[in-house]
Amino acid sequence: MPGSQLATDFWINEAFSPYDVWQHGVTRVLTHRRTRFQELYVVELGSYGKALILDGKVQTTVGDEFLYHEPIAHAPCVLHGQPSRVLIAGGADGGVLREVLKWNTVELAVVADIDGEAIDLCRELLPEIHQGAFDDPRARVVVGDAWELLESTPGEWDVVIADLTDPLEDGPAFKLFTREFFEVCQKALDQGGVFVNQAGSTAPPLASLLGRVVNTIGNVFEHTYLMTAPVPTYGSVWGLALASDRGLMNRPDPNAIDRRLARHVEGELRMFDGETLLGLLQVPLHLRKMLAEEVTIYTLEAPPRAFGHGAGMLEAEADAEEVDASEDFDSDLDEEIASESDGEETADDPPTDAHAS
Ligand code: SPD
């Protein structure tokens, strides 16, 4: 290419559509393997540093992870006001866990991810992302199906964060983008609880999936909001859907949000504050129009299919009996939740409502 000086001969390609590919120059491969659920790379990218890539899709990079992990963690927590129990569906890399644990109100934060090997590799190879969060006494890892865990813990969670891979055919996550899953999340939330998920790309050729995911969530919860966050290595501005059965502030007062963050968040935030949240919640006209016109609802019978293909799910399904660890983790978690519930309640900061600021 005229005028360009390339610095590596080794490239990883992520195809966003049959016609759009982003290449990242790789400077080191830390591991490449096929887990029981997906193809996994941990590599070092020349521009963005270490990165986790699952089934050909960049999940997180040291260089831009904060642009995704901060909003997906702090937006639901700050709009809840006083999150105590947080469930992260997916989240193997520990980036969301790290952010959630900055909340001094959080007593229990569970990462429920089906791919134990991915969790282990992220703990070993991506300390820059989790920063020791898995060792926090308030953190718990459940290797298993987040759906089953949520189903077995009705009304237990203040915040549920679906930090999932894209809904690829034969991938591990596509069922978790359906009405049936969102209904399970709704029931798993305590009164006033807040749900958030990564809902897809806003790029015009791809945004219909985002519109349908948000419409499906809106079919389940009383109130749904779209946030958009720029995450360079996801290839476009990314959609995050927030939902709750109580109205949240969609034009929050930045000063009120900053006060709440100052009271409850310990540790540095790089991109998230009151002004940022206000901006994330104001989405452009063409997306608002798309949402207003969308009618499709994703179901288990007709689930979403993002561009790409999962590598490992067929093998995993054949091993389903062995994978189904829900009986063990359900009873452990129930005990933990029961003992946590015995603790004294704090009431310094009542939950937000639509008019609070
Ligand atoms: N297209 C990539 C979307 C990835 C969303 N999940 C990221 C996991 C990071 N913790």
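I looked up the ligand first: 13 residues surround it, and K57, Q59, T60, G95 and Q198 are the closest. The model I am working from is predicted.

I then asked which elements supply the shell around the ligand. Both β5 (57–61) and α2 (95–100) contribute at least two residues. The most come from β5, which gives three. By type, I find six polar, four charged and three nonpolar residues in the shell. I also checked the domains: the shell draws residues from domain 1 (11–61) and from domain 2 (66–309), so the ligand lies between them.

Next entry: the largest nonpolar core. I note 97 residues in this core, and those touching the most other members are I88, V100, A109, V160, I161, A241 and L242. Helix α1 (residues 66–80) provides the largest share of the core, seven residues. Since domain 1 (11–61) and domain 2 (66–309) both give residues to this core, I place the core between them.

Apart from neighbours within four places in sequence, I88 is in contact with V96, L97, V100, A109, V110, V111, A112, I161 and D163.

Last entry: helix α3 (residues 116–125). Which of the residues of α3 are buried? I list A118, I119, L121 and C122. These residues span an arc of only 170° around the axis, so they sit on the same side of α3. For what covers the buried residues of α3, I record strands β2 (20–34), β3 (39–45), β4 (49–54), β7 (108–113) and β8 (139–143), and helix α4 (127–130), among the elements included.

Terms used: Residues are numbered from 1 along each chain as its sequence is written. This is a predicted model: local features need pLDDT of at least 70, side-chain atom pairs count only at pLDDT 80 or more; totals for chains, interfaces and linings use all residues. A residue is near a molecule or strand if its C-beta atom, placed from the backbone, lies within 6 Å of it. Helices (H or I, at least four residues) and strands (E, at least two) are DSSP runs, numbered from the N terminus. Ala, Val, Leu, Ile, Met, Phe, Trp, Tyr, Cys and Pro count as nonpolar, Asp, Glu, Lys and Arg as charged, and the others, Gly among them, as polar. Domain bounds come from an automatic or database domain assignment. A nonpolar core is a set of buried Ala, Val, Leu, Ile, Met, Phe, Trp, Tyr and Cys residues joined through C-beta atoms within 7 Å. A residue is buried if 20 or more other C-beta atoms lie within 10 Å of its own, exposed if 12 or fewer, and partly exposed in between; C-beta atoms are placed from the backbone. Two residues are in contact if their C-beta atoms, placed from the backbone, lie within 7 Å. The arc is that of the directions from the helix axis to the C-beta atoms.
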